[in-house]
Amino acid sequence: MRRIVRSTLQTAANLVFFAIIGTAILAATYGMTHEVIERTVEAEKLKLISQIVPPASYDNDILKDERHIEADALLGTTTQTVAHVARRKGEPVAVVLESIAPDGYAGKIALILAIRANGELAGVRVVSHKETPGLGDYIEIAKNPWITSFDGKSRNIWGDKEWQVKKDGGQFEHMAGATITPRAIVKAVNRSLLYFAAHRDELFAENIAATHAGGKP
Amino acid sequence: MNANEFKEIVHNGLWKQNPGLVQLLGLCPLLAISNSLVNAVSLGLATTLVMTLSSASIAPVRSYVPNEIRIPVFVLIIAVLVTVVQYLMNAYMYGLYVVLGIFIPLIVTNCIVLARAESFASKNPPLASALDGFMMGLGLTAVLAVLGGVRELIGKGTLLSGIDLALGDGAKDWVIHVIPDYHGFLLAILPPGAFIGLGLLIAGKNWLNLRAEAKARSNPAPLSNEAVQG
């Protein structure tokens with residue numbers, strides 16, 4: 001019995017030894033790379049935002065001017081997301097929201113959309129999707145300009161009827177054979193505009209953290 | 001490691017025991033990520049890097065690892081190396097990191113990595129083990145490259161699409177539109193295309209082997225050292 005206990009402890013010590021070395025290597029790698037990773041992720045995010053909100057139209061640090069948004073059925077989100085506000089001389093220009101179309105042909109379609117202060121869409125982009133390649137993937141800007149048909153649209157003139165694909169009696173084009181994908185996106189964008197209408201003031205409210213710009217908590 | 005051993009390890013990895021065509025280990029990434037040349041080669045090279053490092057680090061410690069915890073220790077070493085590769089790709093090859101996504105961490109569970117650790121690196125000296133890991137990785141990468149290239153060509157009519165993700169925006173013009181105005185052949189891009197393509201590759205390899213055997217039988221060359229081995 002004693003022998004079994006002793007050999008177990010010895011073997012476990014051996015395993016722990018490898019675990020410690022492994023952890024040390026990982027900690028060192030993390031330490032070396034995490035700043036670069038944070039910078040890369042921010043740069044990528046800024047690149048995406050600059051596609052829908054022209055960098056010349058605002059003068060604030062848009063990545064710092066952020067607010068956390070609780071999961072909301074109108075946005076289709078199930079976890080907290082982050083919204084960014086573009087301002088020019090302190091006046092709100094646009095808000096960048098994350099939204100999810102839950103009913104794509106092959107699951108969720110993640111969107112990012114920018115809404116101007118007057119309620120018009122500045123632009124929409126698909127961040128990730130699993131739609132059929134060659135059929136439903138014309139929602140990607142790299143494949144087709146379809147997604148730009150949202151530019152300048154709003155709920156100021158159009159109601160729920162117009163905010164549908166043409167097949168359902170709405171105003172949005174779609175390609176034959178792939179209507180489920182654009183239908184899901186049109187619905188999601190419409191709902192996001194409703195969310196914006198209901199929360200406009202909170203979204204554009206001065207962010208206390210952001211007014212003390214530069215200082216990290 | 002003498003010249004003969006060296007030659008045998010290289011031959012095993014690239015052809016005779018090719019992980020993609022003969023051992024058929026690590027099919028998950030092979031089938032899932034081979035829809036374009038760039039994706040396929042990138043994941044292949046990441047796997048090669050992990051295999052070389054894992055074999056090279058398992059071989060020197062092999063006599064200190066008690067037999068009963070051999071596999072936990074190997075898996076630990078492989079997991080550490082994959083995480084390191086993942087951090088590095090996240091930091092310096094972000095576009096590719098996003099495209100390969102879940103398949104980078106999945107290298108940990110790629111059967112071929114543990115298979116080489118268990119069947120080669122745990123019994124051989126570090127240098128030979130590193131070479132074995134490297135060659136097995138290259139063998140897998142070669143199969144991935146052919147499969148990815150063929151699927152991309154038939155499916156989309158291009159080669160090297162997405163190269164800018166791996167090498168930066170400057171490489172955007174490297175994409176070759178082999179067939180202009182091609183409308184695409186969806187089957188090749190979707191999973192069935194991977195199965196059909198791999199099946200054809202395996203059949204092709206078997207055919208080459210059979211032909212070489214038949215040639216050797218009908219034309220019995222003087223028995224050299226190599227012919228005996230082959």
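pLDDT is the predictor's confidence in each residue, on a scale from 0 to 100. This is a predicted model, where local features need pLDDT of at least 70 and side-chain atom pairs count only at pLDDT 80 or more, while totals for chains, interfaces and linings use all residues. Residues are numbered from 1 along each chain as its sequence is written, and chains are lettered from A in the order in which they are written.

Chain A comes out with an average pLDDT of 89, and 95% of its residues score at least 70. Where pLDDT is low, the predicted coordinates should not be read in detail.

Over in chain B, Val50(B), Ile78(B), Leu81(B), Val85(B) and Leu144(B) have the most contacts inside the largest nonpolar core, a set of 53 residues. Such a core joins buried Ala, Val, Leu, Ile, Met, Phe, Trp, Tyr and Cys residues through C-beta atoms within 7 Å, and buried here takes 20 or more other C-beta atoms within 10 Å of the residue's own. H4(B) hands in the largest share of this core, 12 residues (helices are DSSP runs of H or I, at least four residues, numbered from the N terminus). Leaving aside neighbours within four places in sequence, Val50(B) touches Ile78(B), Leu81(B), Val82(B), Val85(B), Ile107(B) and Val113(B). Another core, of 40 residues, lies apart from that one and includes Ala86(A), Ala94(A), Val124(A) and Phe172(A).

Notes:
Buried ≥ 20, exposed ≤ 12 C-beta atoms within 10 Å, placed from the backbone. Helix = DSSP H or I, 4+ residues; strand = E, 2+ residues; numbered from the N terminus. Contact = placed C-beta atoms within 7 Å.
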